[in-house]
Amino acid sequence: MRDHLLIYLNGAPLRVTGDDAFLTLTEFLRKRRGMPGTKVVCAEGDCGSCAALLGKLQPDGSIAYTNVTACIQLMLQLDGVHVVTIEGLSPPANSNDLTPIQDAMVECHGTQCGFCTPGFVVTLYQLLHDDQPRDTHELRRGLTGNLCRCTGYDSIVQAAEQTDRDQLDPLDSLYPPQPIAEALQRAAVEPVDLRAADGRRFFKPTTLDDATAWLDEQHQDGITPTIIAGGTDLGVLNNHRKIRPETVLATTALPELQGIEAVDGTVRMGGATPLSRLEDLCKIHLPQMTEYLGWFGSPLIRNAGTLAGNLCTASPIGDTAPALYALGASLELASKDGTRSMPVEDFHTGYRTTKLRPGELLTRVDIPLPKPNEVVRFYKVSKRRDMDISTFSAAAWLRVTDRRIEDARLAFGGVGPRVLRIPEAEAELIDQPFEYASFDRAAAAARAAVKPLSDVRGSDTYRTALAGNILRKLWHDLADPRPVLEAS
C-alpha cells in the first residue's frame, strides 16, 4: 500500500504526497513546479488554454496519450500517469527551440496575446503527431475545445495545415516508453491510501472487492466518499469552491470499470472508460451516436469524462441519458453484497437523484445496438453549437416493418426534473403507419405531456414547442426512403 502518488512529468518520476494530491494539475504545475506554460483562464475546462497530454498504460504495454483540460484534473486522478505539458514537447537538449507546430503558428500569425497558444499547440500536437490524414473539417472539430478571443481561428487552422509533420517528434522518441511503462505497470497494481495534513483522505483500490468493502466501511462510519474517475464535473465544482472533497475514492485502477467492446449486438462499456472511447467505437457500430457525442463538451472533455459519471450526476439536461433511455440501455451496479442490474431509465429518481445505494458503484453500461429494422436519432438544442449545455435534448428509437411502426421509445431532456420517457407520444406512434400524420399526433401528445420550467436557457413555452416540433423533425429526417424502413 503506497502513501503517495507516482506520476511522471515530462519523463521524470515524481512522488506526490499530502495536500499536493488534492491540487489541480494546473495548480501543481504552476505553484509547485514553477511551470507557467500551462495557462489557466476559465478554470472550468471550457477554453483549453490549460491543455496537457496524459499518457496511460495500455494492455499491450504501450503508452497512449490523450489531451485533457488540466484545470479540472485533480492530481489524485493521475497516479500511474505520464503527464506531458507544453514544456515537454521539445527535445530536452533543445528545449528552447520551437516545435514545428509553433514555427507554423509564427509563420501563419496564429497568435496575438498568446495566452491560449500553449493549449492550442498541445491539442494540435495530439491531432498531428500520428500519420493519420487530417482535413480542415477534422482539424476544426478537433480544436472545438480550444478558444481564442483575439486572433481568429483561420490562421490557427492554416498553421495546423502547414505544420511540417515529418519534423514533429513523436512522444515515444522524446520519452522512450519502456522504462516509463515498467514503472507505471508496477504502480497500476499498488493500491494507494494517502492522507493530507488537514485530514483529507484519498484511496485508490486496485480490485472491485477492495473498493466496495472500503466504501461500505466509510458509510458505516457516517462518511460519504466522493467517487472520481474523469472528474470533469467535480473539477469545476472544486474550482468554484462549491465542493471540497474530503474523502475520495478513485475508480481509475479497477479493471472491471475499464474497457469497451461490442459483443453480440451490445456495447459493453466500463463505468470509468472515457467517453471518447465510446465515440470511436460507435463510428463503426452506431454512427448516429458518434455524431451526437461530437456535441458533448469537447474532445478534451470526452477524453476524461465517463458515461458512469454523466449518469450519476443525474442532470435533467445531461447529454447521454436521453440516448441511453431510447436505446434501452441497462446498468450494472456493484456493492460488497454483489451486483445488480436495472434499466437506465429506472436509475434516475428525480432532480440529481438516483437509485445508487450507499457503498455502491456503477460498474458497467450495456447499450443494445439497433437491429436492421430499427432506427435511432438523437437531438440537442443549445444556444451555441459547440461547448454548450443543452436547452433541450431528445432521442428516438423506432422499430419499423413494412412502413408500419411496431414499437417506439422517446426520451426528452430539459422538460422536467429528470430525463423523461414520453409514453403518451409513443402510444401515438406504436402500431401506426409510418407517415407524417402519425408523427404529428405524437407531437401534439408530447406537447401536452411535458411540463418544463423556465430558466436562463429557455422558457417553458419554448421547451414545450420543441417537444412537439422535434417529432415533426424526426419524421422529416426519416421520410426519405431508406433500406431500414423497407425491411420486413
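Q: How many bridges join strand E12 to strand E16, and in which sense do the two strands run?

A: One caution comes before the reply: the model is predicted. As a general idea, the side chains of a regular strand alternate between the two faces of the sheet. In this structure, five bridges join E12 to strand E16 (residues 361-368), and the strands run antiparallel.

Q: How is a helix read for burial, and how many residues of helix H14 are buried?

A: The general idea is that an α-helix has 3.6 residues a turn, so residues three or four places apart point the same way. Helix H14 (residues 320-327) is mostly covered, with eight of its eight residues buried. Among them are Thr-320, Pro-322, Leu-324, Tyr-325 and Leu-327. Just after H14 comes Gly-328, which takes a positive phi of about 75°.

Q: Is Asp-209 buried or exposed, and in which helix is Asp-209 found?

A: Asp-209 belongs to helix H8 (residues 208-220). Its relative accessibility is 62%, and Asp-209 therefore counts as exposed, the cut-off being over 50%. Asp-209 and Asp-337 are 128 residues apart along the chain, yet their C-alpha atoms are separated by 9.7 Å.

Q: How is a pair of aromatic rings described, and how many aromatic pairs does the count give here?

A: Such a pair is described by the distance of the centres and the angle of the planes. The count here comes to eight aromatic pairs. In one of these, the rings of Tyr-292 and Phe-378 have centres 5.5 Å apart and planes at 45°, so the pair is tilted. This pair links distant parts of the chain, since Tyr-292 lies in helix H11 (residues 287-293) and Phe-378 in strand E17 (residues 374-381), 86 residues apart. Tyr-292 is buried, at 6% relative accessible area, and Phe-378 is buried as well, at 11%.

Q: How far apart are the ring centres of Phe-439 and Trp-475, and which residues form one aromatic cluster with them?

A: The ring centres of Phe-439 and Trp-475 are 5.7 Å apart, and the planes stand at 45°, so this pair is tilted. Phe-439 lies in helix H17 (residues 436-449) and Trp-475 in helix H18 (residues 460-478), so the pair ties together parts 36 residues apart in sequence. Phe-439 counts as buried at 0% relative accessibility, and Trp-475 is buried with a relative accessible area of 14%. Phe-434 and Tyr-436 form one aromatic cluster with Phe-439 and Trp-475.

Q: How many disulfides does the count give, and which cysteine sulfur is nearest to that of Cys-42?

A: The count comes to zero disulfides. For Cys-42, the nearest cysteine sulfur is that of Cys-47, 3.8 Å away, and Cys-42 is in no disulfide. Cys-50 is likewise in no disulfide, the nearest cysteine sulfur being that of Cys-71 at 3.7 Å. The cut-off explains the result, because a disulfide requires the two sulfur atoms to lie within 2.5 Å. As to accessibility, Cys-42 counts as partly exposed at 22%, whereas Cys-50 counts as buried at 2%.

Key:
Residues are numbered from 1 along each chain as its sequence is written. This is a predicted model: local features need pLDDT of at least 70, side-chain atom pairs count only at pLDDT 80 or more; totals for chains, interfaces and linings use all residues. Side-chain values use heavy atoms; hydrogens and water are left out. Buried means under 20% relative accessible area, exposed over 50%, partly exposed in between (1.4 Å probe, protein chains only). Two strands pair if DSSP finds at least two bridges between them. Helices (H or I, at least four residues) and strands (E, at least two) are DSSP runs, numbered from the N terminus. Rings of Phe, Tyr and Trp (its six-membered ring) pair if their centres lie within 6.5 Å; planes under 30 degrees apart count as stacked, over 60 as edge-to-face and the rest as tilted.
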